[in-house]
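Please read them beside the coordinates.

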Amino acid sequence: MAITQQSDVDETLKRLAGRKGVEGVVILNSDGLAIRSTIEAELTKKYASHVHQLVSHSKDAISGIDSENELTFLRVRTKKHELMIAPDKEYLMIVVQNFHEN
Amino acid sequence: QIMEEVEINERQKQAQLEDEKKQNETAQNEDTRDFVDSSSKIVERALHETYDFMKDYTIGAEV
């Protein structure tokens, strides 16, 4: 059996959070609870609740337009940041990017 | 003596429960890792895109 070298979750997140322009990474579970985060607790909570709702609305919108379609990725551009949101059945990844630094 | 047996049984049950819990956690961790592995790759690729489609070229441009 081939041994696949799988990277450690926390290491992957740290590496991602260390990329230029990345302000933080948050992983939510399907209940919208943050199970990992590289940003401070209070802000993590805010991101968790709001993004969870945003994604749930987005999913509904996409499947409402075409019931055979599904949301796969969400980028939200704001004055200050860009949010990159990768949703999955079980989890959700939020990456907050400060594109002005790029 | 009966009490002892009950106690042993109880302990075995406890150990079994803990084993199951551990297995569940491991499975969950694997799920998390698979998700983080794949989603981080997508995000990394998105980060590599340096072109800023929102950049305002009108600022500072004196024509």
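1. B:Glu44 and A:Arg19 form a salt bridge, their closest N and O atoms lying 2.7 Å apart. The term stands for a side-chain nitrogen of Lys or Arg within 4 Å of a carboxyl oxygen of Asp or Glu. By that rule there are two salt bridges across the interface of chain B and chain A.

2. On conventions: this is a predicted model, in which local features need pLDDT of at least 70 and side-chain atom pairs count only at pLDDT 80 or more, while totals for chains, interfaces and linings use all residues. Residues are numbered from 1 along each chain as its sequence is written, chains are lettered from A and ligands numbered from 1 in the order in which they are written, and side-chain values use heavy atoms, with hydrogens and water left out.

3. The contact (heavy atoms within 4.5 Å) involves 23 residues of chain A and 20 residues of chain B. About 2000 Å² is buried between the chains, and carbon and sulfur atoms give 64% of this area; buried area is the accessible area (1.4 Å probe) that two parts lose on being put together, summed over both. On the chain B side, B:Phe35, B:Val43 and B:Leu47 lose the most area to chain A, together 31% of what that side buries.

4. The largest nonpolar core has 16 residues, and A:Met93 and A:Val95 touch the most other members. Such a core is a set of buried Ala, Val, Leu, Ile, Met, Phe, Trp, Tyr and Cys residues joined through side-chain atoms within 4.5 Å, where buried means under 20% relative accessible area, exposed over 50% and partly exposed in between (1.4 Å probe, protein chains only). Helix H1 (2-48) of chain B gives two or more residues to this core, as do H1 (9-17), E1 (22-29), E4 (82-87) and E5 (91-97) of chain A. Helices (H or I, at least four residues) and strands (E, at least two) are DSSP runs, numbered from the N terminus. The most comes from H1(B), with five residues.

5. Leaving out residues up to four places away in sequence, A:Val95 touches residues that include A:Leu16, A:Val25, A:Leu83 and, in the other chain, B:Val43. A second, separate core has 14 residues, among them A:Ile39, A:Ala48, A:Leu71 and A:Leu83.

6. A:Gln53 belongs to helix H2 (residues 41-65) of chain A. With a relative accessible area of 46%, A:Gln53 is partly exposed.
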